Amino acid sequence: MTAAQRPAEAPLFAGLPGDISVSFEFFPPKSEKMEEQLWQAITQLAPLQPSFVSVTYGAGGSTRERTHATVARIVKDTALVPAAHLTCVAASKDEIAEVVDQYWDAGVRHIVALRGDPPPTDGGRFVPHPQGYASAAELVAGIKARHDIDISVAAYPETHPEAVSAQLDLDNLKRKLDAGANRAITQFFFSTDAYFRFLDKALAAGITAPVLPGIMPVTSFSAIRRMSGNTEIPGWLETMFDGLDERPGPRALVAAVAAADLCKRLYEGGVRDFHFYTLNRAEQAYAICQLLGLRPKEPCA
């Protein structure tokens, strides 16, 4: 074997200093068993000292009480910074103001403000409440007018499925940030090129706020395909997960490596803040952070 044929000496994830910041998304549990799983995940990920942890809000506000209960417990029982999701769907401005006040009184200082997915009864079409907000930008302005609270909003590197064009979608993001949002968190994606192109376009549009990449490890390839919307699923990824539908153990290992590789390529492009969609499971997100060099700041419980 010649020198040119020898494989590289350095392992794929060698030498990464762990100089990254992470955040994690969870969803409110529907049962006692799911609640136990959620808190196991929170406990395992907490030593990584995330900058915040977000808790989702179901379509049509269907998890409002469970979201509030989960966020309130995070405030009460942990040192984590919770970010409560809040949407415009099926709620008046007064109802939203009441929810925001409840969060504020509970010590919550970060909200993820979203237009929200319409309930099935609306046929998949967003219909503003007659006395509500018509857009996420309006929601952001309404929240900011009530409290000086940290706000994150959504961004779509490959364009929101309902957007007329990529430019109008970008214009909408700028309206949300101009209304007072502090940062954007992207929908999950699998192409670093798509993310970096989006950042270039955002900067050209005058957007200077942080745009955190949303990372979704593949727990189920069929579910990823359903949730993708306008997100391109590369052929190599489909090939990588071929035959693993009924093999959760190997699938989880492959998913962690694939997501870590995506994060490493983002890191090489200058990204230092990552947001992980955990689906209330800690193992993959923890493993990815380990591969990126991030270590717990305190012993795991």
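Mentor: Glycine 293 follows helix 10 and has a positive phi, near 95 degrees. Helices here are DSSP runs of H or I with at least four residues, strands are runs of E with at least two, and both are numbered from the N terminus. This is a predicted model, in which local features need pLDDT of at least 70 and side-chain atom pairs count only at pLDDT 80 or more, while totals for chains, interfaces and linings use all residues. Residues are numbered from 1 along each chain as its sequence is written, and side-chain values use heavy atoms, with hydrogens and water left out.

Trainee: Which residues of helix 10 are buried, and what puts them on the same side?

Mentor: In helix 10, residues 283–291, the buried ones are Gln284, Ala285, Ile288 and Cys289. Those residues cover an arc of only 135 degrees around the axis, so they sit on the same side of helix 10. The arc is taken from the directions from the helix axis to the C-beta atoms. Their cover includes strand 1 (21–26), helix 1 (32–45), helix 9 and strand 8 (273–277).

Trainee: Why is lysine 264 called buried?

Mentor: Buried means under 20% relative accessible area, exposed means over 50%, and partly exposed is in between (1.4 Å probe, protein chains only). Lysine 264 has 13%, so this residue is buried. Its place is in helix 9, residues 248–268. Leaving aside neighbours within four places in sequence, lysine 264 is in contact (heavy atoms within 4.5 Å) with Leu12, Phe13, Leu16 and Leu292.

Trainee: What makes the pairing of lysine 264 and glutamate 268 a polar contact?

Mentor: A polar contact is a pair of N or O atoms within 3.5 Å; within protein, one must be able to donate a hydrogen and the other to accept it, and residues adjacent in sequence count only if both atoms are side-chain atoms. The side chains of lysine 264 and glutamate 268 are joined at 2.6 Å.

Trainee: And how do you know whether histidine 147 is buried or exposed?

Mentor: Its relative accessibility is 16%, so histidine 147 counts as buried. This histidine 147 lies in the loop between helix 4 and strand 5. A polar contact of 2.8 Å links its side chain to that of aspartate 101.

Trainee: What makes a space a pocket, and what a cavity?

Mentor: On a 1 Å grid over the protein atoms alone, a cavity is a set of points where a 1.4 Å probe fits but cannot get out, whereas a pocket is an open set with protein on both sides within 12 Å along at least five of seven lines; lining residues have an atom within 4 Å of a point. The largest pocket is lined by 50 residues, with Leu114, Asp117, Tyr156, His160 and Gln187 nearest its centre. Helix 5 provides the largest share of that lining, five residues. The largest cavity has 14 lining residues, and helix 9 gives the most, with five residues.
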